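Welcome! Take a moment to look over the sequence and the 3D view below, and then let us walk through some side-chain details together.

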Amino acid sequence: MLFRKLFATVFAVWLLLQSAFSSSPSLGSIIPRGAKRGTEVELNFNGDRLDDAVEILFYSPGFTVTELIPGGSPKHLKAKIAISPEAELGEHLMRIRTKSGLSGVKSFWVGQFETVTETEPNSEFATPQTVPFNSTVEGILDNEDVDYYIIQTFLQYAYMVNHYVLDHL
């Protein structure tokens with residue numbers, strides 16, 4: 001008899017915990033993973049139960065949500081975020097508050113350089129992507145993905161200009 005009551009109590013608590021966690025939102029990823037300070041960026045939040053989002057919570061100053069856009073499904077949410085020019089460089093934490101609860105915390109990075117989106121094809125040494133000097137490359141790394149880049153530098157431009165001038169004298 002005591003065993004039945006104990007089992008019933010444990011089972012009831014388990015059911016309550018399951019229902020409590022089933023309504024809380026989950027946040028799987030934020031794309032892009034970072035942006036330059038002093039800019040406005042559109043972020044894509046991917047997870048589950050995000051359709052009743054109320055706000056995005058930041059754990060450091062320098063961020064303002066300018067627009068919260070429903071993603072069309074419970075698994076997706078978009079937001080336009082303004083990053084202050086005074087925002088600290090580095091990792092910042094954020095989460096989503098919905099009508100049913102809080103998501104887990106995810107990282108977002110603020111940098112000082114312009115962001116360049118990785119473009120394919122750049123998986124072969126013969127076809128690298130050209131990236132300006134002092135920029136951050138934003139992309140998604142798949143299993144065993146290899147990417148090649150050419151970084152434009154001042155010396156590269158100086159060589160090209162000098163070579164052109166010398167050939168046309």
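This report goes through charged pairs, aromatic rings, a histidine, a surface patch and some backbone details.

This is a predicted model, in which local features need pLDDT of at least 70 and side-chain atom pairs count only at pLDDT 80 or more, while totals for chains, interfaces and linings use all residues. Residues are numbered from 1 along each chain as its sequence is written, and side-chain values use heavy atoms, with hydrogens and water left out.

## Charged pairs

Side chains of opposite charge can pair when their charged atoms come close. A salt bridge here is a side-chain nitrogen of Lys or Arg within 4 Å of a carboxyl oxygen of Asp or Glu. How many salt bridges does the structure hold? There are six, and the table shows some of them.

| Pair | Closest N to O distance |
|---|---|
| Glutamate 42 and lysine 78 | 3.8 Å |
| Glutamate 67 and lysine 80 | 3.7 Å |

To place these pairs, we need strands, which are DSSP runs (E, at least two residues) numbered from the N terminus. The salt bridge between glutamate 42 and lysine 78 ties together parts that are 36 residues apart in sequence, because glutamate 42 lies in strand 3 (residues 40-48) and lysine 78 in strand 6 (residues 76-83). Glutamate 67 and lysine 80 also form a salt bridge. That pair links distant parts of the chain, with glutamate 67 in strand 5 (residues 63-73) and lysine 80 in strand 6, 13 residues apart.

Glutamate 42 is partly exposed at 34%, and lysine 78 is partly exposed at 28%. Glutamate 67, with 37%, is partly exposed, and lysine 80, with 27%, is partly exposed too.

Now look at arginine 49, which lies in the loop between strand 3 and strand 4 (53-58). Arginine 49 is partly exposed at 26% relative accessibility, and aspartate 48 is partly exposed at 21%. The backbone of arginine 49 is worth a look as well: its phi is near 60 degrees, a positive value in a residue other than glycine.

## Aromatic rings

Rings of Phe, Tyr and Trp (its six-membered ring) pair if their centres lie within 6.5 Å; planes under 30 degrees apart count as stacked, over 60 as edge-to-face and the rest as tilted. A search of the whole structure finds three aromatic pairs. In one of them, phenylalanine 63 and phenylalanine 108 have ring centres 6.3 Å apart and planes at 80 degrees, so the pair is edge-to-face. Phenylalanine 63 lies in strand 5 and phenylalanine 108 in strand 9 (residues 106-111), so this pair ties together parts that are 45 residues apart in sequence. Phenylalanine 63 is buried at 11%, and phenylalanine 108 is buried at 0%. Phe58, Phe63 and Phe108 form one aromatic cluster.

Phenylalanine 125 and tyrosine 148 form an edge-to-face pair, at 5.6 Å centre to centre and 90 degrees between the planes. Here phenylalanine 125 is exposed at 67%, whereas tyrosine 148 is partly exposed at 30%.

## A histidine in strand 6

Histidine 76 is found in strand 6 and is buried, at 18% relative accessibility. Its side chain is joined to that of asparagine 44 by a polar contact of 3.4 Å. A polar contact is a pair of N or O atoms within 3.5 Å; within protein, one must be able to donate a hydrogen and the other to accept it, and residues adjacent in sequence count only if both atoms are side-chain atoms.

## Backbone details

Which peptide bond is cis, with omega near -5 degrees? It runs from isoleucine 31 to proline 32, and proline 32 lies in the loop between strand 1 (26-31) and strand 2 (34-36). Asparagine 134, in the loop between strand 11 and strand 12, has a phi near 60 degrees, a positive value in a residue other than glycine. Asparagine 134 is partly exposed at 42%.

Conventions. Helices (H or I, at least four residues) and strands (E, at least two) are DSSP runs, numbered from the N terminus. Buried means under 20% relative accessible area, exposed over 50%, partly exposed in between (1.4 Å probe, protein chains only).
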